[in-house]
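Please read the following report alongside the sequence and the 3D view.

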Amino acid sequence: MYLKLLTPPVSLKRRLIWSVVKQFHNPRGMGGHVVGWIMAHRSSNVQRSLWAVELMDVQPDDKVMELGCGPGLAVAALAERADRGLVVGVDHSDVMIRHARRRNATAVESGRVDLVCASVERLDVEGGPFDAVLSVNSVGFWPEPADRLAEIRRLMRPGGRIALVSQPRCPGADATTSAAARRELVSLLSAAGYEVIRCEQLNLDPPVVCVLAVSNLS
């Protein structure tokens with residue numbers, strides 16, 4: 001599965017690397033705060049998040065949800081656009097939610113941003129139905145992602161937009177890996193009842209792919 005960002009450890013060196021990589025999957029404790037800082041300041045992460053938000057064409061009154069919001073980069077950009085709406089950021093890491101809350105403190109205080117610590121398989125959020133949903137480099141960690149996407153569709157308004165973004169981080173990832181990730185995202189969205197409308201690419205190393213679709217739920 002090309003979306004997977006983690007591989008099993010097979011040696012002491014790999015186990016040490018694994019322990020660091022796991023922090024990017026579910027940041028915890030002091031190490032998690034370091035990872036949060038890296039996520040928020042890595043140039044490719046910033047470019048990727050702002051690019052994805054731009055593609056979503058968010059309107060001022062939209063209700064938007066980001067799954068796997070991390071330190072809140074995209075949440076902040078979404079809140080700037082949905083300035084009369086609501087942005088809900090969801091992450092299963094309490095450390096990331098704290099980072100996102102600090103980054104979006106004013107919008108949280110005004111009620112325009114709500115940040116929820118929850119896993120995608122136990123997604124219990126308020127504020128819907130949502131006009132748009134975003135997930136950046138998160139789907140590869142989800143159990144049974146097609147099932148999760150079908151559940152998310154029920155939280156969206158009919159015709160609501162979804163954007164799934166992937167920049168493969170596995171060793172040796174290149175344009176071929178990104179293309180395979182794009183095909184997998186298209187397949188998952190179609191299986192979950194969405195209509196894929198277009199695919200976009202941001203030419204970083206490796207390339208970032210975004211698959212945009214709409215909910216077919218009537």
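## Helix 8 and its cover

In this predicted model, helix 8 (residues 175-191) has buried residues whose cover includes helix 7 (145-153), strand 5, strand 6 (194-202) and strand 7, where cover rests on contact, that is, heavy atoms within 4.5 Å. The buried residues (under 20% relative accessible area, 1.4 Å probe, protein chains only) of helix 8 include T177, A181, E184, L185 and L189. Helices (H or I, at least four residues) and strands (E, at least two) are DSSP runs, numbered from the N terminus.

At the N-terminal end, D174 caps helix 8 through a side-chain oxygen that lies 3.1 Å from the backbone nitrogen of T176, while G193, which follows the helix, has a positive phi near 95°.

## The nonpolar cores

A nonpolar core is a set of buried Ala, Val, Leu, Ile, Met, Phe, Trp, Tyr and Cys residues joined through side-chain atoms within 4.5 Å. The largest has 30 residues, of which L78, V87, L134 and V165 touch the most other members; helix 4 gives the largest share, five residues. Another core, of 26 residues, lies apart from it and includes W142 and V211.

## The chain and the basis of the values

The protein chain holds eight helices and seven strands, and buried residues make up 50% of its 218 residues.

Residues are numbered from 1 along each chain as its sequence is written, and side-chain values use heavy atoms, without hydrogens and water. Local features need pLDDT of at least 70 and side-chain atom pairs count only at pLDDT 80 or more, whereas totals for chains, interfaces and linings use all residues.

Note on methods. The expected span of a helix is 1.5 Å times one less than its number of residues. A polar contact is a pair of N or O atoms within 3.5 Å; within protein, one must be able to donate a hydrogen and the other to accept it, and residues adjacent in sequence count only if both atoms are side-chain atoms.
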